Amino acid sequence: MRYTRIMGGAFQRRKTHLLPPPSPPPHLFLYLLVVLYLSIFLETSSALNYTDYRQVSSLRLKRIQRHLDKINKPPVMTIESPDGDIIDCIHKRRQPALDHPLLKNHKIQKAPPEMPKTRSTVGKRDGDDDAATAAAPAPSNSADAAKGAWQAWHRNGTRCPRGTVPVRRSTAHDVLRAKSLYDFGKKRHPPGLARRPDAPDVVSGNGHEHAIAYTGSTQEVFGAKATINVWDPSIEEVNEFSLSQIWILSGSFDGTDLNSIEAGWQVSPELYGDSRPRLFTYWTSDSYQATGCYNLLCAGFVQTNSRIAIGAAISPISSFSGSQFDITILIWKDPKLGNWWMSFGDTTLVGYWPAELFTHLADHATMVEWGGEVVNSRPNGGHTTTQMGSGRFAEEGFGKAGYFRNLQVVDADNSLSSAQGISTLAENTNCYDIKSSYSNEWGTYFYFGGPGKNPQCP
């Protein structure tokens, strides 16, 4: 559908040598602001209707602008990405994280955290059969942050200067795609969802479907790591998403005190306005009720890296029966200061979640989950065609299905070891599934994903 921009009527003023031109009435500026927002808003619709048409009041626009002024800090430099993103280079001391009341006196951690040590776990585990250990292919290509461009905004060669951090600028369009200003940048998980007594998954129900591997809930965990291949799954409805991530969890799954740290890649038309896979983070300390958000859309996550923009698109991505590109993410608790750090690749530090943000995670985690999640909104009472991973089932294997490889956990000694005794869960294997295995080269790994709606998944 084509929309016509409405520019408003022309206001003419007579020239005079005696008096200056009269000033337009104050309400005119507000009127023109509303017209400008609406005209731009209408022109941003796409094939997926990423930005719905709706009536926007001037009061709502004022509230949105106040919020944007709060989270979009004054930049030292601005970079225009080829994919349309605006990346603002913000002085690290002015980044959104430090607006959090609990971080009022927080000093950004300057000394590098103590990286987890790697324990040697090479060798076939007890009980593994030859078929399982031979199932993993050779390592794939890796979109490593330390080697060349891996995000679209890097393509023009411009980088943020030292002492700044790159922040993807939020726009009125981003906010208007959300259900409300309160919901902008947050996962919507109403409390009281019906769950199986033994369900490890924190968001079962409300249209959220998963294919995950998870650890037991009785051990103390201090971090996790995995390598995830990146795809661009199709999304049917604008309010649905598809992601592949690591969850670090502690607290009550059925209560209101669940702590969660999350990172991976996601495709979310509602959040970003397109269908590109993007690096993302999330956190909450109260079961997704009031605390936490995606990326840097609220105070909390402290970024320290000047080359990685959380929320920016990842490039290149995997292709069906072609090259596979993956990202490695490690999240762990610094044993000295207690902050939860995130690294990309083997050694690239991104930033950290301060220990002050959490209750249970201020000590340790009790569970780790790895895998995929989608939202199925059932707009017509049936399943949508929103894909998970590559959109192919796990049985199709390397080059076709999504994968997580080299699943590892961090123990109390700050040592990484291959994840042992993991369980898997997929709520509806006719729509999305998961198959785990082990090899000497890939350690504990799994394939996962699916197409959503199909003859077996109506």
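A search of the whole structure, a predicted model, found one cavity of 30 Å³ or more. A cavity is here a set of points, on a 1 Å grid over the protein atoms alone, where a 1.4 Å probe fits but cannot get out; grid points are joined across faces, edges and corners, and a volume is the space filled by probe spheres set on the points. Local features need pLDDT of at least 70 and side-chain atom pairs count only at pLDDT 80 or more, whereas totals for chains, interfaces and linings use all residues. Residues are numbered from 1 along each chain as its sequence is written, and side-chain values use heavy atoms, with hydrogens and water left out.

The volume of the largest cavity is about 130 Å³. Its lining (residues with an atom within 4 Å of a point) comprises 14 residues, and Arg 168, Ser 170, Asn 295, Leu 296 and Leu 297 lie nearest the centre. At least two lining residues come from each of strand E5 (164-168) and helix H5 (269-272); helices (H or I, at least four residues) and strands (E, at least two) are DSSP runs, numbered from the N terminus. Eight residues of the lining are nonpolar, four polar and two charged.

Six strands form an open sheet in the order E10-E9-E8-E15-E6-E18, with antiparallel pairing, two strands being paired if DSSP finds at least two bridges between them. Strand E10 (278-284) and strand E18 (423-426) are at the edges with a single partner strand each, so one side of each has no neighbour in the sheet. From one strand to the next, the twist averages 20°. Within this sheet, strand E8 (residues 242-250) is joined to strand E9 (residues 259-267) by nine bridges, and Ile 248 has Ile 261 in E9 as its bridge partner.

Terms used. 1 Å grid on protein atoms, 1.4 Å probe; cavity = no way out; pocket = protein on both sides within 12 Å on 5 of 7 lines; lining within 4 Å. Nonpolar A, V, L, I, M, F, W, Y, C, P; charged D, E, K, R; others polar. Axes fitted to C-alpha atoms, helices over the stretch in contact; angles between N-to-C directions.
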